[in-house]
Amino acid sequence: MAIAKAERLMNLALCLLGTRRPLTKHELRSSIEAYRDVFGPGAGHGTGDDAFNRMFERDKDDLRELGLVIETVDGIDGEVGYLARRDSNRLPPITLDAEESAALGLAAKVWQQARLAGAASGALQKLRAAGMPLAGDVDDVDAAAPHSALEPRIPAHEASFEPLMLACRDRRPVVFDYRKSNAARPEPRHLEPWILECWRGHWYVAGWDRDRGAERVFRLSRITGKVRSRQGKFTAPVPDHVTVRETVERWAGEAATGTARIKLRAGHGYPLRARALAVHPVDGDWDELEIPYGHGLDAWLVEFGPDVVVLEPAELRAEVIDRLRAVAKG
């Protein structure tokens, strides 16, 4: 059904763009095959003028929502005609400065997902075909210039990434099973997803949690099973600016005002070492670190398992032990 509708919309758009004079509903109904199949002679019951008018109005609204400028013209005989003038639907010339060109080329190299890689590659090919030079093209590279061995990558190995990305784009509610770090088993969560963001190598989705009636941020690696779409529209307004990173940083203790002391196994926990305020070797196997302490730090420390031992404060040590026990029981 989705393919049939897309084909019908495409044929309607081509019809309106290709005509030199306004076409009436009757002419469009008899000219477009999809309309003839449903509303032509012998099409069956319930396929009269009212049904056609409703479908045509929906199709027209969908095309306008996609950006097609459709004009309505009153004919001499009083019948309304429709057309889409080419000059009204032609994009202005695209011009990019050096920084914008470099940003596009860089963005196209970042994504590793096949779906996004194909879209990015196709967009760049269209820009090049239109004569738009892009930074990173072979012709623009100095043959004598050294090439960097490092290229940007944003991996997204979680199966939930693509369905959540599409749900954010289409403003579509979803439901999934989510297991918190201190939970024995996953729980269903109903979310109106707003945005995806990568922070410290992990992907997070922010949105409106219908069950809690509040904004929430979920880590994709803790989503179990499939992300299922739900019918209907969002029930909460989407904010103009979603501070995913600030929320995650607050939960992870990035905005902490206190400090904690931990023992960390040598050669492990490099993210913790990067945040450490001080590092003191204990022996050949362990180091003692002083790190920022705030809400949510216990959940992060649990991820390092037996490579971390909390020394102080006592409440942080107790929180980490409780989380480890919950995981062990699961």
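Biologist: How many of the 8 residues of strand S6 are buried?
Modeller: In this predicted model, strand S6 covers residues 202-209. The strand is largely enclosed by the rest of the structure, because the number of its 8 residues that are buried is 6.

Biologist: Which residue stands opposite Asp209 in strand S5, and how many bridges join S5 to S6?
Modeller: Strand S5, residues 187-199, runs antiparallel to S6. Asp209 of S6 has Leu191 opposite. The bridges that join S5 to S6 number 8.

Biologist: Which residue takes a positive phi in the hairpin of S5 and S6?
Modeller: This hairpin has 2 residues between the strands. A positive phi near 55° is found there, and the residue that takes this angle is Arg200.

Biologist: What stands opposite Asp209 in S7?
Modeller: S6 is also joined to strand S7, residues 214-219, by 6 bridges. These two strands run antiparallel. Opposite Asp209, the residue in S7 is Ala214.

Biologist: Where in the hairpin of S6 and S7 is a positive phi taken?
Modeller: Between these strands lie 4 residues. The phi in question is near 65°, and the residue is Gly213.

Biologist: Is Lys60 buried or exposed?
Modeller: Lys60 is found in helix H4, residues 49-65. Its relative accessible area is 6%. The cut-off for this class is under 20%, so Lys60 is buried.

Biologist: Which residues is Lys60 in contact with, leaving aside its neighbours within four places in sequence?
Modeller: Neighbours of Lys60 within four places in sequence are left out here. The contacts of Lys60 are then Ile70 and Tyr82.

Note on methods: Residues numbered from 1 in each chain as written. Predicted model: local features only at pLDDT ≥ 70, side-chain atom pairs only at ≥ 80, totals over all residues. Heavy atoms only, no water. Buried < 20%, exposed > 50% of the residue type's maximum accessible area, 1.4 Å probe, protein only. Pairing = 2+ DSSP bridges. Contact = heavy atoms within 4.5 Å.
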